[in-house]
Number of protein chains: 4
Amino acid sequence: MIVVLKHNPNQDQFDGLVSWLQDKNITVHTSLGHGNTVLGLVGDTSKLDTDLIAALDIVESVKRVQEPYKNANRKFHPEDTVIKVGNTQIGGGTLTIMAGPCSVESEDQVVAIAKAVKASGATMLRGGAFKPRTSPYAFQGLGATGLEYLKVARQETGLPIVTELMDLSQLPLFDDVDVIQIGARNMQNFDLLKAVGHQDKPVMIKRGMSATYEEWLMSAEYVMAGGNQNVILCERGIRTFEHYTRNTLDLAAIPVMKKLTHLPIIIDPSHATGKNWLVDPLAMGAVATGADGLQIEVHNDPAHALCDGPQSLKPETFDTLARKLLTLHNSLQTLED
Amino acid sequence: MIVVLKHNPNQDQFDGLVSWLQDKNITVHTSLGHGNTVLGLVGDTSKLDTDLIAALDIVESVKRVQEPYKNANRKFHPEDTVIKVGNTQIGGGTLTIMAGPCSVESEDQVVAIAKAVKASGATMLRGGAFKPRTSPYAFQGLGATGLEYLKVARQETGLPIVTELMDLSQLPLFDDVDVIQIGARNMQNFDLLKAVGHQDKPVMIKRGMSATYEEWLMSAEYVMAGGNQNVILCERGIRTFEHYTRNTLDLAAIPVMKKLTHLPIIIDPSHATGKNWLVDPLAMGAVATGADGLQIEVHNDPAHALCDGPQSLKPETFDTLARKLLTLHNSLQTLED
Amino acid sequence: MIVVLKHNPNQDQFDGLVSWLQDKNITVHTSLGHGNTVLGLVGDTSKLDTDLIAALDIVESVKRVQEPYKNANRKFHPEDTVIKVGNTQIGGGTLTIMAGPCSVESEDQVVAIAKAVKASGATMLRGGAFKPRTSPYAFQGLGATGLEYLKVARQETGLPIVTELMDLSQLPLFDDVDVIQIGARNMQNFDLLKAVGHQDKPVMIKRGMSATYEEWLMSAEYVMAGGNQNVILCERGIRTFEHYTRNTLDLAAIPVMKKLTHLPIIIDPSHATGKNWLVDPLAMGAVATGADGLQIEVHNDPAHALCDGPQSLKPETFDTLARKLLTLHNSLQTLED
Amino acid sequence: MIVVLKHNPNQDQFDGLVSWLQDKNITVHTSLGHGNTVLGLVGDTSKLDTDLIAALDIVESVKRVQEPYKNANRKFHPEDTVIKVGNTQIGGGTLTIMAGPCSVESEDQVVAIAKAVKASGATMLRGGAFKPRTSPYAFQGLGATGLEYLKVARQETGLPIVTELMDLSQLPLFDDVDVIQIGARNMQNFDLLKAVGHQDKPVMIKRGMSATYEEWLMSAEYVMAGGNQNVILCERGIRTFEHYTRNTLDLAAIPVMKKLTHLPIIIDPSHATGKNWLVDPLAMGAVATGADGLQIEVHNDPAHALCDGPQSLKPETFDTLARKLLTLHNSLQTLED
């Protein structure tokens, strides 16, 4: 950690700071110059509160040199995390394709879509039973019944299911789900993160609409600090000034996450753009950039979907896309060999 | 609602759309031109799902003419909402000053600060017992004990208390709190919003870091749709590309909210900027722009605060500021008369 | 164009607006409802000033249904624009690879790099002679001499050159350049856009750091309105809250531009990210998303480059990447057949 | 300057870096720890290129401790800059009010408005002769004729004039203007900045739509490095995700600029918001936050303005506002005494 002091720092406060740091087994290297004095702190600085130090009268700024996350940090866990889900896995060279409707609407609907996407090559079934909706007057999801329909679809197809948990009070209902999804709006719902950290199902954390890479990894760290190491990251677009697309899909997140962490990363082009004709090109781009998988909305009747129809693909369009994605993924693996 | 169709829309789909709308008692006015065909929908369009219509093959875009919020809408409730809290009120020409520490740390601390801020002119005591922290390794607040200390401070000073609720499971503990605060990270925690909508304490909703005005008002609408009309809005800075300040304080939110809604609006310059030397000028600016009040962090020892020290004022600095704010508020009222 | 009126519009002003529009050969369709009155304007509305109409007392909002750009609009020019440059072309299924140093530093440097990138598969040479630098104290480019060195490199390799024009006073020097680049900071330097619209060399317009798709296309329209139809678009990252990368590369711009316009689109992953280890994955992603080409910084000694070293690839790294890009491009074409 | 090295840096490269720095009379303080090695560079680091150092294989990151601007830096020029313009001044406790039409449309128009705003208390006349417009088909300003009309209005009223220069080729026409304005879109038109730095009229630089504080100050530094120390800053809103207002007015820029620089700062609430009903509250807020002045659009017929009507005030509305602003400014000065 580096501490830059203001000009002519008060000597007493300076001595106080140094001795306080030394009490914590931190070695302080001082660089005196024309301009600012700079302190280099060496030792286990992970427990030091940067805000506290920055608040001192004599301090101008503080910079952490080490990342504030440990469990999620690639430096301490160089091997890729591979997560087993049902008879498939996420990470480790597999291309995961999670497909299904935004909302579960009926048993028939979800079973029909599950069969279709499985035939096209999907490896997991997605579908929302509890739906976060901006308006209190919009359809809020089928809830527990929706979870039951998803399980029926799993039984019919063998596809593991991933579905969103909105509040920790719903956790008991998620006992038989394969992957618990934490939505973008809940990425910093810290009580919810703690709760899923204390159970053992894999957790997929969607990036908040204005979350930095570090904040996103700190949310993963919340889950992992509770004991659950099976965390998956999902980029679904960030909020920018551009409103032609719903959000701006940040594909740089893929190689950045590959560098900073060992956790797998999934891309959701459907929510990122809000337009179904953008799903195909961006899904292809995501695979070529190195994503571990995709989450894609598929609906057998997008025009009458109860939620987010405009971003859903029809099963036949998804079929074409899924085949292209798998071919691309294979040819990229050949290229890397 | 206005529906813009694509060029040469399929006649069957067009007829289908029009008759579907007429079934819902919507009158459809059609404008045919060189370019696009435009439909003007007249009637109660509030129940129509814009996403569903936008997803139709023949539709290019849909524009709502009416706001999607009702309870919070100034058009239907022209009178300002004034909220009684203890022996003070929020809105209605009063300048509310909520002051206190970011985190409650001890009974002595919070009582001492409460006494100091009351003497300076504060009308409410703020303080966090449950703290949303980016890192799982940071101090998470005193929890229920912190709430008890706040109540002691209220008893000693008569100041009503406002404090943050992070999860609906904590709600029973907030029975004796005066105003429940919903933090920026929970602005779209819809289960939490529903829960506070079904009880009767006033609720202050902080604007999410990347929430639009409309999304913010829709969160207020969630609470109000549950029956609780006592909602206060709080602007605390939005996330932009500028990182010198922690966030960018959007003071235009004050007159915009005054136009769109009847709910009172509070400004939090401490969290918005993250720097205590910016609190004074921006608090003054907020009052002159027409805010109903301020939320300001005050700590008797900012350099050793357990949370967010750099943005806290010392009691003596707050004292000077509070007196200036009250004088400014008075002189502005004279100016308007 | 759609005009939404306020409640109870003044009848005289309403009549005045309608007759003013009819004088301009606009047919006005009126929809009266419970809430707002809506006017649908049919005819050639491209000359109407939306700001002027929006400013009327009786008007609540105005929405254009047609895009404000014509020459650049795919609707009026369905065929892809293909631009001939030297013995290569941009667009039309070719993968253009523009490679070279950020700044031209010496004849030896630029010739050596040009030879290397040509051998690897680059189709054009990029290099800056006039450099836009944030600091007045930073290296500002070799200017006219730099242009001469680029021409030498072209002579040695046959690669056409693309280089940035910063001010219209420099235009005479660009007579023998192949493609004129307009930098992101000059995307709305309208006098410069007019100047390059009145000459006939192809112009590549980089997207401004906070430019919307529409503003970017309007800048293309400035050039095209002057008579020059040879315009290329280049996405180089937009400014967002995320600062780990220099900018956020918006790959959705590729399919969006393919839909809205007939102009070719190039991606610059070097400037977008500012980190050379991100160039490879994002260049691959750009090709798979459908880009017409890439602009990539290559330097034979990145650690001692006079400008933007951290984002430059070494020739050997570029060689590996260029081969992968060409293989990917070929296999994607097979996939589409 | 602080240089953080990667783990286990190559010893040869490390020695090379240290001796290269020592050759430049930089003293290097090395802090070795468990984690990263940190170098503190002491001496005149202003000429060191951070990008070059950051590009070295052994370097993880570089942090400047000193600001890259000198002439504009408050640390080296503690006294406020006060700029004389005609018989008024900008800065030094005066409240400057620049008012007038967005575009000069006719002599009658600008003279009438000039007389009106002078009577209300304006101290300078603003008006555009050369207009930056997003569309090539929109009104581009009266050009040289517009400048003549402004001079007539100055003669009639005594108000100094401020007007925008769009390209350096127009500079000779600006010989008799009082303050040259550089627009937001030209904030990083470095050739233009150099040109106005080599003449002696005061220059007002509007903040770019996505410019950081530091970039804005570096643009001021460009002008000052050329010899012209009479620079004024103007905040006019930054681009964010919120589109209800045209831009987001960043009033924190006022105290931040007061701390970082000695240059005066003006606020433009008209362009920032794009809505005339937001001008009054935000102008009041700007004065209370400590602005040196305001730039406000006034038009005698906003509904028929050739440009930006919706954000212009009518003279009678401006009159009320100007009186309130001056009263507020006076009462704040009393408060500070």
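**Exercise 1. The contact between chain C and chain D**

Determine how many residues of chain C and of chain D are in contact, and describe what the side of chain C consists of.

*Solution.* 
Step 1. In this predicted model, 47 residues of chain C touch 47 residues of chain D.

Step 2. The area buried between chain C and chain D is about 3900 Å², with 52% of it on carbon and sulfur atoms. On the side of chain C, the residues that lose the most area to chain D are Y137(C), R185(C) and R239(C), which together account for 14% of what that side buries.

Step 3. Next come the polar interactions. Between chain C and chain D there are 21 residue pairs in polar contact and 2 salt bridges.

Step 4. The helices α2 (50–54), α5 (190–197) and α6 (213–225) of chain C each supply at least two residues to the side that touches chain D. Of the elements of chain C, α6(C) gives the most, with 5 residues. By residue class, the side of chain C comprises 21 nonpolar, 12 polar and 14 charged residues.

**Exercise 2. The contact between chain A and chain D**

State how many residues the contact takes from chain A and from chain D, and identify which strand of chain A gives the most to it.

*Solution.* 
Step 1. Chain A and chain D contribute 27 residues each. Between them they bury about 1900 Å², of which 61% lies on carbon and sulfur atoms. K63(A), V65(A) and F241(A) supply 24% of the area that chain A buries here, more than any other three residues.

Step 2. There are 2 salt bridges between chain A and chain D, including one from E60(A) to K75(D), whose closest N and O atoms are 3.8 Å apart. Residue pairs in polar contact number 3.

Step 3. Strands β1 (2–5), β2 (27–31), β3 (38–42) and β4 (59–63) of chain A each provide at least two residues of the side that touches chain D. The answer is β4(A), which gives the most, with 4 residues. This side of chain A divides into 8 nonpolar, 14 polar and 5 charged residues.

**Exercise 3. The relation between chain A and chain D**

Find what kind of axis relates chain A to chain D.

*Solution.* 

Step 1. The same surface serves both copies, as 96% of the contact residues of chain A recur in chain D.

Step 2. F241(A) is the residue of chain A that comes closest to the rotation axis, its C-alpha lying at 2.1 Å.

Note on methods. Residues numbered from 1 in each chain as written. Chains lettered and ligands numbered in written order. Predicted model: local features only at pLDDT ≥ 70, side-chain atom pairs only at ≥ 80, totals over all residues. Heavy atoms only, no water. Least-squares fit on C-alpha atoms with pLDDT ≥ 70 in both. Contact = heavy atoms within 4.5 Å. Buried area = accessible area lost by both parts, 1.4 Å probe. Salt bridge = Lys/Arg side-chain N within 4 Å of Asp/Glu carboxyl O. Polar contact = N/O pair within 3.5 Å; in protein donor to acceptor, adjacent residues only side chain to side chain. Nonpolar A, V, L, I, M, F, W, Y, C, P; charged D, E, K, R; others polar.
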